[in-house]
Amino acid sequence: MNAQSILILAIESSCDDTSIAILRNGKILANIVATQQIHVKYGGVVPELASRAHQQNIVPVMQEALNLAKVSLNEIDAIAYTQGPGLLGSLLVGASFAKGLALAINKPLINVHHMQGHILSHFIDLVNPPTFPFLCLTVSGGHTQIVLLKDYFEMTIIGETLDDAAGEAFDKSAKIIGLPYPGGPLIDKYAAIGNPLKYNFPTPKMEGYNFSFSGLKTNFLNFINNEQQKDSAFITNNLADICASIQFRIVKILIDKFEKAAQEHQVKHIGLAGGVAANSALRKAFETLAQKNNIQAHIPPFEYCTDNAAMIAMVGYLKFKMNKFGNQTQVANARMEFDVYQ
Ligand code: KG4
Ligand code: ZN
C-alpha cells in the first residue's frame, strides 16, 4: 500500500440491490448498482429471490466496477462489506464473497454497518461535509432513525420507528391505492399536482423522538375502504389529492420530531439519508427547517441515498484510517448494532 493512497473495494448486498464501489482516499471511482427487478411482480422484496439474484449479479457487478475505476484487484488495499443489518440470505452472499476475495488477494476485511453507511454517505467525496455535532435523519424502506453524531463513529440513536419504516409507510399506502411496488416514488409523482390538505390523516402520539407508522397505515386503509364504498371510482378521481395528503402527513410526522431534536441538541448541521430522501416534499420541508432554525442542511446526491456500496466504501475508508479491521471469523448479522468508538 502506498501511504498516500488508500484504495477500498466495497460490497453492499443487504436487501435487493447488489452494489460494488471503488473508493480512493474518500473519492468514488466507481459505484455500480444492480437493482433487482424480480420483486416488482410480487409487490415487495422476496428474500430467497434476492439472495439468488445477488449470487448472479455479484461477479459481473465487481468486473464493471473495476473496469470503470480502471483498477485491478491486486491494487486494492482492503475489502469493505455490509455485515448487517438486513436480510440474512442477502447479507450472506456479500459477506461470503468479501471473505473469499480478501483471502484470495490477501488483504484485510472491514465489516460495515449498513445504517452507518447511510449516515456517513454525507462525507463521500468530501465536498462540503457536515461538521460535528451532526444530526442525521435516516429514512429508508427498512429504517427510520434520528442519530446524533459527535464524531464519525461516536453516534447515538436518539429516536427510531417502533414498527413500520417511513419508506414502508409510503409503499404500503401506495399498495392500498393499487400502485405497484415500490410505490413511494409514485406517491411523490402524483402528489405534485394534489392538494396536501384535502384529507386529514392522524399523527400518532409517540413519546420522545420515536416514530410509529402502523396506525397511520390502518387509518389510511379504513379511509380508502369507506370512500370506495360510497364511490367505486374514488381513488381514480382523487389520486393526486390522496397522494399529496398522505405524503404531507408522513413528512410532517418526520420533520416535526426531527426539528425538536435538532433544537434540543443545538446542532448546526443536519443531514438526510436513505432512499426516502428522494421524496420532494421531504427535501423541501428539510431545507425549510434548516433555514428557519439557521442551520445547515446536507442531502447527499441521490445515488448515495438509495442503497449503494459507495457509502460502505466511505465507512471502510474511515475505519481503515482508524485501524478498525474485521476478520474472517465475523459472520453476516441481520440484527447488527452500531460500531461505536469514542
Ligand atoms: O434506502 P433504500 O433504497 O432501500 C432500503 O434500504 O430500504 O430506500 C427505498 C425506499 C422505498 O421504500 C421507496 O419507496 C422509498 O425509499 N422512496 C421514496 C421515494 N423514492 C424512494 N419514498 C417516497 N418518495 C420518493 N420519491
Ligand atoms: Zn438502506
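The legends below describe close-up views of a predicted model. Local features need pLDDT of at least 70, side-chain atom pairs count only at pLDDT 80 or more, and totals for chains, interfaces and linings use all residues. Residues are numbered from 1 along each chain as its sequence is written, chains are lettered from A and ligands numbered from 1 in the order written, and side-chain values use heavy atoms, with hydrogens and water left out.

**View 1. Residues around ligand 1.** Ligand 1 is surrounded by 19 residues, each with a heavy atom within 4 Å of it. G141, D171, D188, G275 and N279 are the closest. By class, 6 of the shell residues are nonpolar, 10 polar and 3 charged; Asp, Glu, Lys and Arg count as charged, Ala, Val, Leu, Ile, Met, Phe, Trp, Tyr, Cys and Pro as nonpolar, and the others, Gly among them, as polar.

View 2. The contacts shown are pairs of N or O atoms within 3.5 Å. An oxygen atom of ligand 1 lies 3.0 Å from a side-chain N or O atom of D307. An oxygen atom of ligand 1 is also 3.3 Å from a polar backbone atom of G142, and a nitrogen atom of ligand 1 is 3.3 Å from a polar backbone atom of G184. Taken alone, ligand 1 exposes 550 Å², and the protein buries 88% of that (Shrake-Rupley method, 1.4 Å probe).

**View 3. Elements and domains in the shell.** Helix 4 (166–176) and helix 5 (184–191) are the elements that give two or more residues to the shell around ligand 1; helices are DSSP runs of H or I with at least four residues, and strands are runs of E with at least two. Domain 1 (7–121 + 304–341) and domain 2 (128–302) each supply at least three shell residues, with bounds from an automatic or database domain assignment.

**View 4. Two cis peptide bonds.** G84 and P85 are joined by a cis peptide bond with omega of about -10 degrees. P85 is in the loop between strand 4 (78–84) and helix 2 (88–105). Another cis peptide bond, with omega of about -10 degrees, joins Y181 and P182. P182 is in the loop between helix 4 and helix 5.

Conventions:
Polar contact = N/O pair within 3.5 Å; in protein donor to acceptor, adjacent residues only side chain to side chain.
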